[in-house]
Amino acid sequence: MELGLKEQVKERWAGHAKCRYDDRSDLCEITCARASLAELCGWLFIDKDFNFANLIVEEMPAAWRLRYIFYGGAGSGWVHVLASALCSEETFPSIVKFVHAADWHEREAEDMFGLTFEGHPRLGDFILHDDAWQENVDPMRHHFDPQMAIRYRKPAADWRPRRIVQESGAFVMPVGPKYSGVTESVHFLLETVGEDVIRFMPRLFYKWRAIEKIAEGKPADEVLLLAERFAATTAFAHGLAFCQAVETACAADIPPRAAGLRVFLAELERLRQHAGAIQEICESTALAVAASEAGIFEEDLLRISGELTGHRYLFGMLAPGGLLLDLPDNDCRQALNKSQAVLKQLDNLETELRVSSSFLDRLEEVGYVQQQVAAAYGLLGPVARASAVAHDLRREQPYSGYSQFRFEVPSEQEGDGYARLRVLFSECRQSVHIMEQTVAAMPGGGVLESFKPREGAALGWVEAPRGAAFHWVRLDERGFVTRYHVAPPSFANWHGFHVAVENFAFQDFPIMLATFDLSVAENDR
Amino acid sequence: MSPWVIKGIRTGIKTSAYPRNAETAAGVTPGLPVSSQMDTGAARALVDICPTQVFTIINGRVNVDVDRCIHCYRCVRGVEQPARWDSTYEWGVESNQKKNLLPAFRKSINICVVDAGDCGSCLNEVRQLSSPYYNIHRLGFFITPTPRHADVLLVVGPGTDHMSLALQKIYNAIPTPKRVVAAGVCALSGGVFAESFTCSEGVTDILPVDVEVPGNPPPPLAILHGLLVAAGRKPPVDLQPGSSQANATGE
Ligand code: SF4
């Protein structure tokens with residue numbers, strides 16, 4: 001915790017906010033009156049340089065409770081800003097004029113709970129598509145039954161794509177939800193006057209499966225199945241964040257060997273996911289041989305994962321309290337050797353790409369995101385690090401024993417497509433470097449510790465391959481989930497993606513999309 | 001010669017021997033549970049631990065409904081006596097909706113891939129089909145972005161409510177004769193997501209499916225087998241309870 005944050009809050013916000021500091025979890029809880037909520041959050045975000053992580057809305061028996069989660073850089077901990085209102089009041093001040101990163105979080109809360117955020121520039125038509133759902137459906141409210149008939153909705157016939165630019169000759173080009181070869185379902189509104197995209201709006205949530213709603217009332221180990229499977233290209237990262245939330249809520253310790261293996265597998269997944277992202281970037285520039293090469297590496301890593309754990313996407317390994325399966329040291333070493341071989345080839349590929357001018361021409365100075373913009377949007381992961389916003393939860397808020405490993409957090413200054421590609425390559429090297437250290441110092445012993453469930457709530461966080469992921473879990477005394485909320489990295493990065501696309505030419509659009517490595521499944525939940 | 005051409009040649013041939021011969025590399029499939037004889041206590045344990053009700057006990061035999069298995073491995077890692085597990089990958093099953101498919105195409109077919117709410121892994125496995133390891137182009141299979149050119153509709157994901165209209169429009173836009181392949185347990189039964197207000201119990205609720213491929217996700221070879229079945233170039237297998245088990249050998 002930053003020295004004296006509690007005192008600063010006391011001094012600066014006397015009479016507006018109360019502060020409680022918990023040493024053990026390095027957590028500062030600020031209870032704040034609604035009237036000063038926006039200014040206080042802005043103070044944390046702008047003056048104190050805290051990052052915005054998540055907004056959690058909870059419908060308590062008699063009141064709304066909103067929890068705005070912030071976290072600091074290395075050495076400073078977590079800040080939860082709490083605001084509440086009676087159930088009959090459904091209005092909160094919007095914090096987006098200070099904390100732009102919270103924009104989509106407020107839109108989500110409005111759509112899911114029917115809350116209004118005063119001063120928010122644009123609410124509505126977000127998760128629930130306006131052309132598919134009537135007004136006043138609030139799926140996350142307790143009274144809404146998720147098992148009710150699917151075709152509950154009444155489509156409104158008059159939905160039309162939005163037009164923002166009113167320039168003469170401007171038109172909106174709708175793309176998707178089915179738009180290309182093998183792509184996730186998402187809709188884009190590209191507004192253009194010809195060559196350049198002047199305004200870009202994604203329309204997401206075609207794949208919305210409402211995992212947060214269907215998780216409610218289920219035991220934690222069943223919700224883990226959802227956590228692993230809503231965005232399974234990074235299944236292990238999300239499963240891990242969920243398990244850590246449950247373990248924190250129940251004050252459960254996991255065996256050291258499980259922690260070591262978790263790091264090993266998390267890095268294996270990152271390596272594989274980055275190889276896949278590199279493949280997509282090569283493919284988007286139509287560099288066929290490089291795309292094939294990277295495709296081989298990705299499949300190699302999928303096979304390594306499959307051989308080691310039985311599953312190519314590492315399903316069925318995690319359990320709250322540790323791991324379901326112990327992996328023999330020898331198997332890990334073999335997987336490491338094979339991964340090192342893949343890394344060597346990835347390095348060669350990078351060397352060759354660096355001198356392919358036709359390839360570089362298509363990536364350099366394309367999809368540019370300035371550092372200040374990346375910070376204001378709260379962009380995450382490799383995308384942010386390529387714009388010199390070098391945050392990494394493994395370093396700044398270490399979990400699962402990451403603090404004992406040496407590794408770098410690669411970052412670049414340029415903020416263009418090529419910088420993002422370089423960050424991916426550098427992170428592959430760091431991942432293998434961490435895997436080597438875990439294998440060299442793998443603790444012995446068991447991998448699963450049983451624990452007693454108890455009532456409580458906690459945040460679990462990981463640096464997933466695409467960036468920071470935050471899972472909030474509330475459990476009842478039986479260990480059943482009563483509230484689950486996920487803020488995945490793609491949610492933040494989709495929010496900022498329009499910055500990269502706007503004022504660039506149409507033909508660069510697929511390349512910019514590939515360099516952002518966005519997952520729709522992760523965003524849509 | 002361009003360095004990329006030389007690099008391509010140096011890499012050599014990586015392509016799988018399948019479908020002519022069996023693929024023997026490790027890590028190409030997560031496998032599936034199979035029906036087996038078991039004593040009652042062990043069988044009960046499997047029924048109790050499986051989160052998606054894959055197992056049923058019929059006359060002292062543990063039967064398996066593979067359309068529901070989500071690869072959580074709890075029936076292997078969480079019990080004393082694990083379920084029988086086979087590392088096969090030929091999983092293309094004729095749908096109950098349409099038995100005895102007649103061959104509709106010869107030679108080359110175009111495939112339109114639609115994501116109806118998948119978690120990304122099914123789609124990622126479909127992506128691998130174009131990588132050198134699987135290279136479906138050698139078999140005359142091509143992925144087309146437009147339904148107008150398609151012969152086969154390959155659907156992944158449980159069929160979310162927001163996607164169902166698009167899915168129906170895409171299906172209608174495909175000229176006949178056409179085949180629908182549903183890949184992944186989510187497409188077959190809704191997987192972990194169904195049934196709820198956002199998801200149907202698989203795309204089988206929305207479309208007339210011809211070939212079903214279980215798996216969470218089905219590995220590339222299983223999807224490939226499903227496509228070969230849809231093209232009439234491989235016989236469908238029978239993964240259903242009680243009947244003889246499929247094996248993963250060549251033609
Ligand atoms: S792996 Fe999981 S879902 Fe599949 S049969 Fe076993 S317990 Fe059931």
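Predicted model: local features only at pLDDT ≥ 70, side-chain atom pairs only at ≥ 80, totals over all residues.
Residues are numbered from 1 along each chain as its sequence is written, chains are lettered from A and ligands numbered from 1 in the order in which they are written, and side-chain values use heavy atoms, with hydrogens and water left out.

Let's stay with chain A for a moment. Its domain assignment gives domain 1 (5-118) and domain 2 (220-443 + 451-516), with bounds that come from an automatic or database domain assignment. The C-alpha centres of these two domains of chain A lie 28 Å apart. In contact (heavy atoms within 4.5 Å) are 28 residues of domain 1 of chain A and 21 residues of domain 2 of chain A.

The rule finds one salt bridge across this interface of chain A, a salt bridge being a side-chain nitrogen of Lys or Arg within 4 Å of a carboxyl oxygen of Asp or Glu. A:Arg474 forms a salt bridge with A:Glu58, and their closest N and O atoms are 2.5 Å apart. At least two residues each on the domain 1 side come from strand E3 (51-59), strand E4 (63-71), strand E5 (78-86) and helix H3 (103-113) of chain A; these elements are DSSP runs numbered from the N terminus, helices being H or I with at least four residues and strands E with at least two. E3(A) gives the most to that side, with seven residues. By class, the domain 1 side has 13 nonpolar, 10 polar and five charged residues, where Ala, Val, Leu, Ile, Met, Phe, Trp, Tyr, Cys and Pro count as nonpolar, Asp, Glu, Lys and Arg as charged, and the others, Gly among them, as polar.

Now to the meeting of the two chains. Chain B and chain A bury about 5600 Å² between them, 59% of it on carbon and sulfur atoms. In chain B, B:Trp4, B:His162 and B:Phe197 lose the most area to chain A, together 17% of what that side buries. The contact draws 59 residues from chain B and 72 residues from chain A. Five salt bridges are counted between the chains, including the one that A:Lys207 forms with B:Asp115. The rule also finds 29 residue pairs in polar contact across this interface (both at pLDDT 80 or more); a polar contact is a pair of N or O atoms within 3.5 Å, where within protein one must be able to donate a hydrogen and the other to accept it, and residues adjacent in sequence count only if both atoms are side-chain atoms. On the chain B side, H4(B) gives the most, with seven residues. The residues of that side divide into 31 nonpolar, 18 polar and 10 charged.

Chain B is also assigned two domains, domain 1 (32-90 + 240-250) and domain 2 (93-230). Their C-alpha centres lie 25 Å apart, and the contact takes nine residues from domain 1 of chain B and 13 residues from domain 2 of chain B. The two bury about 980 Å² between them. Here B:Asp67, B:Ile70 and B:Tyr89 lose the most area on the domain 1 side, together 52% of what that side buries. The count of salt bridges between these domains of chain B is zero.

| Salt bridge | Closest N and O atoms |
|---|---|
| A:Arg474 and A:Glu58 | 2.5 Å |
| A:Lys207 and B:Asp115 | 2.7 Å |
| A:Glu89 and A:Arg34 | 2.3 Å |

A:Glu89 lies in the loop between E5 and strand E6 (91-93) of chain A and A:Arg34 in the loop between strand E2 (27-32) and helix H2 (37-47) of chain A, so this pair ties together parts that are 55 residues apart in sequence.

The ligand has 13 residues around it, and B:Cys50, B:Cys69, B:Cys72, B:Tyr73 and B:Cys75 come nearest; a residue is near if one of its heavy atoms lies within 4 Å. That shell has 11 nonpolar, two polar and no charged residues.

How values were computed. Buried area = accessible area lost by both parts, 1.4 Å probe.
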